[in-house]
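Here is a short briefing to read alongside the model. Please keep the sequence and the 3D view open as you go.

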Amino acid sequence: MIGGNDNTSNTGAKKRHRVNSNSRLSSTAAQIVEGIPTESSHKPLPSSSSSIRRSNSRHSMHILPIAPSVSNGFNDPKTADVILRLYLDQSSPFDSDDSETQLAVDSSSEFQIYLHSSVLQRSKYFAALLSDRWKKVSGEIDYYRFNLAVPSSAGSINNHVTVLQLLYSNEISSAIDTASTALELLPVALELLFEDCVTACVRYLEAVPWTEDEERNVLSLIPLLRDEESSELLARVSPPKSDLSEEMLHGLILTAIQNHPNMAFAKAFVAKLLRDYSSRESAKRVLDKSFESSLKVVKESLEEYSSPDFRGDHNETEAIQRLNLHTAMTNGRHLLWLIERMIELKVADTAVKEWSEQSAFTADLQRAFRDDAWRNIVPGLPAVVMRCTCKLANAVAAGVILASRQVRMKLVNDWLPVLIVCKDNVTPMLTNHKSLYLELEETFLKIISTLPMYEAQELLQQCLSFSTRNVDDCPHLVSAFTTWFRRANRPLPGDQHQLS
């Protein structure tokens, strides 16, 4: 706020760290305020006899060095008709806790500057104050006298003097060469309602990158701007809709698994983003959406392969079949990567439930794997599909995913026949395929052990295919049946009571 005569008021400027600008005006302001001649990399302004003097205060009167003269009349007592007293408001809530900064502030707490009412009209604040009731007579010269309180923070007076100088300039944008400078001058320009300076600061901030601290300062200043002034700044930092982050994550996942030329590097980067993402629920929604999309493509491709339309040309039909298998293989790899991310983040419960409800899909897989056509086209397809199953089943068996009894039962019931077909028809079986199928056998048996005995009985009968020529080579199967029979032979509660 600005007052007339001896009336004083506090400014609402927020404390900011001063970063010296390379602009001519900022250098000049620093020389005026601090009273210390400095060297500037820019050409100095012509000199004059004008000076800024300290007002009477508890500090002793001191005449500052001659300020570099400004040809347009800034701080020229010979032509000025306004005297502005700048003083530091020691009670400001933005006082610095830094003792060195405070000493520097206290050593120069009041200044008197000579200005011109015709120039101050550019500031709507000064324009409102420039009326006859504030006019005072000083000797033979009539002056308007105003007081302006400045927060006791490093650089406050410097920033105010710089903005006052800019009232005399038609090239405001040339004085703003860093984001920190714009952020230092903008609160002062808003306080003085200096619209040209506000516009120049905002336009500069719109065009340049910000540090994290600068972004926080921008956010604190946006509420002080008009809607049309802040729209570009807000567009950079405020999402236009609540689910924009999820939309971005989903787009990154699709790009990483489908389109990026360096797929492995892109997948690793997106995996890190998902791990570090603040909202686990949002990550789950994005992964579920991607999982459903990839699973749908795999299912449709296998359905078309298993039930082809032979009405067309034989060669054309064969080409379509090959395309269906390649599509299923590619999206199967996508599914495997998505399942790994879900398990890593412990958000795979929906995927497990979905995987356990695929009776039609598993039937298509069994038909496809009994056929020999896929062997020379996508020999790795069975392993990819069964790795997806193994990852999810392991998570269930280990308690990483707490699946309901119905989900556990259906997961084994639907996928156990696919495992059996893969073992019987994928020959000669590769070593890594053998270890995969053996792991899945053990995992299915663990899940079966968690089911009611009548359900376990039905499923265990299907597991006889796990047996080998040497019984000692299938200890997991022996253990599963031993457990079941031990439970089956346990006396019922009523029978046990009668025996006792």
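Strand 2 and strand 3 (residues 110-115) pair in the antiparallel sense over 6 bridges; strands pair when DSSP finds at least two bridges between them. Strands (E, at least two residues) and helices (H or I, at least four) are DSSP runs, numbered from the N terminus. This is a predicted model, in which local features need pLDDT of at least 70 and side-chain atom pairs count only at pLDDT 80 or more, while totals for chains, interfaces and linings use all residues. Residues are numbered from 1 along each chain as its sequence is written, and side-chain values use heavy atoms, with hydrogens and water left out.

**The strand pair**
- L86 has F111, in strand 3, as its bridge partner.
- Strand 2 (residues 82-89) is mostly covered, with 7 of its 8 residues buried; buried means under 20% relative accessible area, exposed over 50%, and partly exposed in between (1.4 Å probe, protein chains only).

**The aromatic cluster**
- The structure holds 10 aromatic pairs; rings of Phe, Tyr and Trp (its six-membered ring) pair if their centres lie within 6.5 Å, and planes under 30 degrees apart count as stacked, over 60 as edge-to-face and the rest as tilted.
- F291 and W355 make a tilted pair, because their ring centres are 6.3 Å apart and their planes lie at 55°.
- This pair links distant parts of the chain, with F291 in helix 12 (residues 280-306) and W355 in helix 14 (residues 349-355), 64 residues apart.
- Both F291 and W355 are buried.
- F361 and W415 have ring centres 5.9 Å apart and planes at 80°, so this pair is edge-to-face.
- Here, too, distant parts of the chain are linked: F361 is in helix 15 (residues 359-370) and W415 in helix 17 (residues 405-425), 54 residues apart.
- F361 counts as buried at 3% relative accessibility, and W415 is buried at 0%.
- One aromatic cluster is formed by F291, W355, F361 and W415.

**Charges over rings**
- R85 places its charged end over the ring of Y87, 4.3 Å from the ring centre; this label needs NZ of Lys or CZ of Arg within 6 Å of the ring centre and within 35 degrees of the ring normal.
- The face of W210 has R236 lying over it, at 3.7 Å from the ring centre.

**Around A456**
- A456 sits in helix 19 (residues 453-462) and counts as buried at 3% relative accessibility.
- Beyond its neighbours within four places in sequence, A456 is in contact (heavy atoms within 4.5 Å) with I448, L451 and W484.
- A456 and F481 are 25 residues apart along the chain, and their C-alpha atoms are separated by 9.8 Å.
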